[in-house]
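I will walk through one structure, and I would ask you to keep the display in view while I talk.

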Amino acid sequence: MGTENSKHAPPPSPAPLFDRPWRTIEWGTGKTANLLYLKTYKPQAEGRQLRILLHGPAGAGKSSFINSVSSALKGRICTLALVDNTSHDSFTTTYLTYNIQKDKPGTFYPFVFNDIRGLDPQRGVLVDDIELALMGHVKEGYMFNPGCKLSEGNEFYNKSPTDNDKVHVLVCVVPANKLSSMNDKTVWEIRDVRLKASRLGIPQVAILTNVDQACSETKKDLKNVYRSRYIKEKMEQFSANVGIPMNCIFPVKNYHEEIKLNDDTDALILSVLRHIINYGDDFINWKAE
Ligand SMILES: Nc1nc2c(ncn2[C@@H]2O[C@H](COP(=O)(O)OP(=O)(O)OP(=O)(O)O)[C@@H](O)[C@H]2O)c(=O)[nH]1
Ligand SMILES: [Mg+2]
């Protein structure tokens, strides 16, 4: 009878964690090498800066990522970009550039972040406006209008963008814990933005936030993030849906409730940031050739 039952028993579910991480990073104090690299990074051409544009669904953690990067670089929790805890419309509505100050007053990192209104099936940023931002046509302080694209006659339309106004890396931010329930229109728009950026030659990276919410093993210990079967599946699913290759997709846990830094959280954020900077640097050097 035992044999009869076992014939119909479902196959055992795979263990939530792989035996070994499928991607390696330096955890804990191993972040020091990345920190040094980022603190000393300088684009080859004098006066150049890298512009990194974050986009993605409303509430995905775009503003929190800017704060997490700034915190990891400064060595203390920072709240540069305003974050909201209620999930309705996009909280960020305006096009704003975030500069991160270096240790010495008046000095800044040569990379900046742009925060943008979130994608949303009803009241989200228009894909056409994201394309204008990629090309450097959107001026600082523009309040996105979900009903109508920024027109050339508008005072916030930058008619002659400089190289520094243009975007050098596009980062798509999506929450790992809500990927399965993401609206079809949003997935389609992410793909559309990707195609538009590709036509401009702009490198693209995706960040999967909220890995702590998506996987309990990762919540217990962030070092499990590259051992988590679930997180890897989510990354593969996102890659298949929007076409971004796996080596350009990175899981992240943002600082969201902490008042003190954590070495592992920093290590993951700084390793992602180093990849973003490298992709952007390759792009500006390629454009300069
Ligand atoms: N647990 C957890 N919460 C996060 C993480 N990232 C962001 N959050 C929380 O998610 C909520 C939304 O984060 P925001 O950074 O405001 O998201 P956003 O993409 O800027 O949202 P909009 O500006 O509204 O489009 C906030 O309550 C954050 O604290 C994360 O990695 N883990
Ligand atoms: Mg925001």
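Let me begin with helix H4, residues 127-134, which is mostly covered, since 6 of its 8 residues are buried, where buried means under 20% relative accessible area, exposed over 50% and partly exposed in between, taken with a 1.4 Å probe on protein chains only. Helices here are DSSP runs of H or I with at least four residues, strands are runs of E with at least two, and both are numbered from the N terminus. This is a predicted model, in which local features need pLDDT of at least 70 and side-chain atom pairs count only at pLDDT 80 or more, while totals for chains, interfaces and linings use all residues. Residues are numbered from 1 along each chain as its sequence is written, and side-chain values use heavy atoms, with hydrogens and water left out.

The buried residues of H4 are Val 127, Asp 129, Ile 130, Leu 132, Ala 133 and Leu 134. Which elements cover them? The cover includes strand S1 (50-55), together with S4 and H5. Just after H4, Gly 136 takes a positive phi of about 85°.

A cavity is a set of points on a 1 Å grid over the protein atoms alone where a 1.4 Å probe fits but cannot get out, and lining residues have an atom within 4 Å of a point; the volume is the space filled by probe spheres set on the points, which are joined across faces, edges and corners. Strand S4 (169-175), helix H5 (184-199) and strand S5 (204-209) each supply at least two residues of that lining, and among the lining residues are His 55, Cys 172, Arg 194 and Gln 204.

Thr 94 sits in the loop between helix H3 (62-74) and strand S2 (96-101), and it counts as buried because its relative accessibility is 17%. Beyond its neighbours within four places in sequence, Thr 94 is in contact, meaning heavy atoms within 4.5 Å, with Asp 115, Gly 141, Tyr 142, Met 143 and Phe 144.

Key:
Chains are lettered from A and ligands numbered from 1 in the order in which they are written. On a 1 Å grid over the protein atoms alone, a cavity is a set of points where a 1.4 Å probe fits but cannot get out, and a pocket is an open set with protein on both sides within 12 Å along at least five of seven lines; lining residues have an atom within 4 Å of a point.
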